[in-house]
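Biologist: I would like to learn how to read the features of a protein model, one at a time. Could we begin with what a database record says, and then move on to the atoms?

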Amino acid sequence: MTRENVLNALKNVLLAENGQDIVTAGCVQDLAIEKYYISFNLILPTDDADIRLKVKSEAIKAIKDHVSKDAVIKIGFTPKPTPQSTYEQNTSPLPGVKKIIAVVSGKGGVGKSTVAANLALALAEDGSKVGLMDADIYGPSVPIMFGVRGERPMMRDINGKGMIVPLERFGIKLLSIGLLVDDNKAVVWRGPMASSAIRQFITDVDWGDLDYLVIDMPPGTGDIHLTLLQTISVSGVVIVSTPQDVALADAKKGIAMFGQAQLNAPILGIVENMSYFIPPNAVPDQKYYIFGKHGARNLAEEYEIPFLGEIPLIENIREGGDIGVPAMVSDDEASKKAFIELATSVKNRLL
């Protein structure tokens with residue numbers, strides 16, 4: 001196998017955007033060949049995850065068909081260097097907030113809020129200053145999970161402007177629509193009203209100085225996600241899924257949404273919640289994979305994004321959320337260990 005043969009084979013792979021082949025378009029970088037081993041990186045004019053996978057698959061097929069069916073091929077992706085977009089120019093971090101982390105899921109019921117709450121607490125374990133914004137307007141969970149239902153945030157005058165002061169619990173600054181409306185009333189708002197509330201959570205809240213602001217996003221992909229990304233610059237996105245296929249199918253939508261270059265929100269990785277069940281008083285390493293095994297890990301490999309870890313299904317995690325004592329401030333060492341490992345992975349990805 002020669003460099004020339006490989007490049008000629010890759011000229012059969014065309015870009016949908018302009019019809020050019022990936023070699024002529026300069027997409028093939030760092031080509032290395034050693035016996036039957038071929039490796040190179042692709043730099044594509046799009047960050048769409050599905051398109052990247054399609055081009056990768058076509059490149060492998062082209063080499064197998066035109067060079068050698070026995071070739072062992074490794075393809076990576078290099079980020080596309082682009083000038084600062086208008087989208088990026090119009091966004092800026094919150095004053096005093098160093099890193100903003102959005103926790104998202106393609107569907108409800110996967111424990112996204114539990115992960116967001118405990119991630120925030122785990123990030124604060126080393127003394128970091130952390131805030132948690134509950135951006136799930138229609139289904140706020142933070143007041144219940146932190147035991148602050150019925151409490152109301154105060155207002156403070158800052159330079160002649162009234163600002164909301166977040167509540168504090170377990171050393172975390174908290175804000176949720178659930179702290180501003182009656183518990184027994186449903187939030188029945190159209191998209192523009194919900195988006196307006198999210199803007200207010202950003203522009204009219206005195207978050208102070210924070211090392212991390214964790215944002216618990218609503219499930220799915222919609223107005224609130226776009227509004228938030230248009231208003232602030234998100235440092236990274238954590239995608240939450242369970243191992244089962246129905247959750248993974250929706251997680252792919254989240255990956256596709258935040259993989260769009262114009263959103264300018266890097267995906268830190270995917271975390272698998274409810275990975276396995278650990279019964280009370282279980283012997284060490286006794287695990288039951290009741291929702292399937294390694295589904296999110298396999299999805300991360302498929303889309304070539306980092307796998308951030310597994311969160312077990314433990315009764316104490318559910319109980320703690322219901323009574324306002326999250327797992328990170330409980331006595332359950334297995335739960336705490338899982339969330340601390342997740343926080344460590346997230347921090348490392350943000351360096």
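This is a predicted model: local features need pLDDT of at least 70, side-chain atom pairs count only at pLDDT 80 or more; totals for chains, interfaces and linings use all residues.

Modeller: The UniProt record, an unreviewed entry, places the feature "binding site" at Gly106, Lys107, Gly108, Gly109, Val110, Gly111, Lys112 and Ser113.

Biologist: Where does Val110 lie, and is Val110 buried or exposed?

Modeller: Val110 is found in the loop between strand 4 (97-104) and helix 4 (112-123). A residue is called buried when its relative accessible area is under 20%, and Val110, at 3%, therefore counts as buried. Setting aside residues up to four places away in sequence, Val110 touches Ser105, Val240, Thr242, Ala247, Asn273 and Met274.

Biologist: What does the side chain of Asn273 reach?

Modeller: The side chain of Asn273 reaches the backbone oxygen of Val110, at a distance of 2.9 Å. Asn273 belongs to strand 12 (residues 267-277), and its relative accessibility of 6% is why Asn273, too, is classed as buried. If we leave out its neighbours within four places in sequence, the contacts of Asn273 include Gly111, Val115, Ser241, Pro243 and Ile311.

Biologist: How should I think about the nonpolar residues inside a protein?

Modeller: In soluble globular proteins, nonpolar side chains tend to be found buried together. In this model, the largest nonpolar core has 41 residues, and Trp207, Leu213 and Ile215 touch the most other members. Among the elements that each supply at least two residues of this core are strand 4, strand 10 (210-216), strand 12 and helix 9 (295-303), while helix 6 gives the most, with five residues. Apart from this core lies another, of 38 residues, among them Ala120, Leu132, Val238 and Leu350.

Biologist: Which residues is Ile215 in contact with, leaving aside its neighbours within four places in sequence?

Modeller: They are Ile100, Ile101, Ala102, Val103, Met133, Ala135, Leu228 and Ile232.

Biologist: How many aromatic pairs does a search of the whole structure find?

Modeller: The search finds two aromatic pairs. In one of them, the rings of Phe146 and Phe170 have centres 6.1 Å apart and planes at 45°, so this pair is described as tilted. The pair links distant parts of the chain, with Phe146 in the loop between helix 5 (142-145) and strand 6 (154-158), and Phe170, 24 residues apart from it, in the loop between strand 8 (167-169) and strand 9 (172-176). Phe146 has 0% relative accessibility and is buried, whereas Phe170, at 34%, is partly exposed.

Biologist: Rings may also have a charge placed over them; where does the charged end of Lys287 sit?

Modeller: The charged end of Lys287 sits over the ring of Tyr276, 4.4 Å from the ring centre. Likewise, the charged end of Lys293 sits over the ring of Tyr289, in this case 4.8 Å from the centre.

Biologist: Finally, how can I take in the protein as a whole?

Modeller: One way is to count its elements, and here there are 11 helices and 13 strands. Another is to ask how much is hidden, and buried residues make up 48% of the 351 residues. A further one is to look at contacts along the sequence: among those between residues at least 6 apart, 74% join residues at least 24 apart.

Terms used: Residues are numbered from 1 along each chain as its sequence is written. Side-chain values use heavy atoms; hydrogens and water are left out. Rings of Phe, Tyr and Trp (its six-membered ring) pair if their centres lie within 6.5 Å; planes under 30 degrees apart count as stacked, over 60 as edge-to-face and the rest as tilted. Helices (H or I, at least four residues) and strands (E, at least two) are DSSP runs, numbered from the N terminus. Buried means under 20% relative accessible area, exposed over 50%, partly exposed in between (1.4 Å probe, protein chains only). A charge sits over a ring if NZ of Lys or CZ of Arg is within 6 Å of the ring centre and within 35 degrees of the ring normal. A polar contact is a pair of N or O atoms within 3.5 Å; within protein, one must be able to donate a hydrogen and the other to accept it, and residues adjacent in sequence count only if both atoms are side-chain atoms. Contact means heavy atoms within 4.5 Å. UniProt positions are given in the numbering used here, feature names are shortened, and annotations may be inferred rather than shown by experiment. A nonpolar core is a set of buried Ala, Val, Leu, Ile, Met, Phe, Trp, Tyr and Cys residues joined through side-chain atoms within 4.5 Å.
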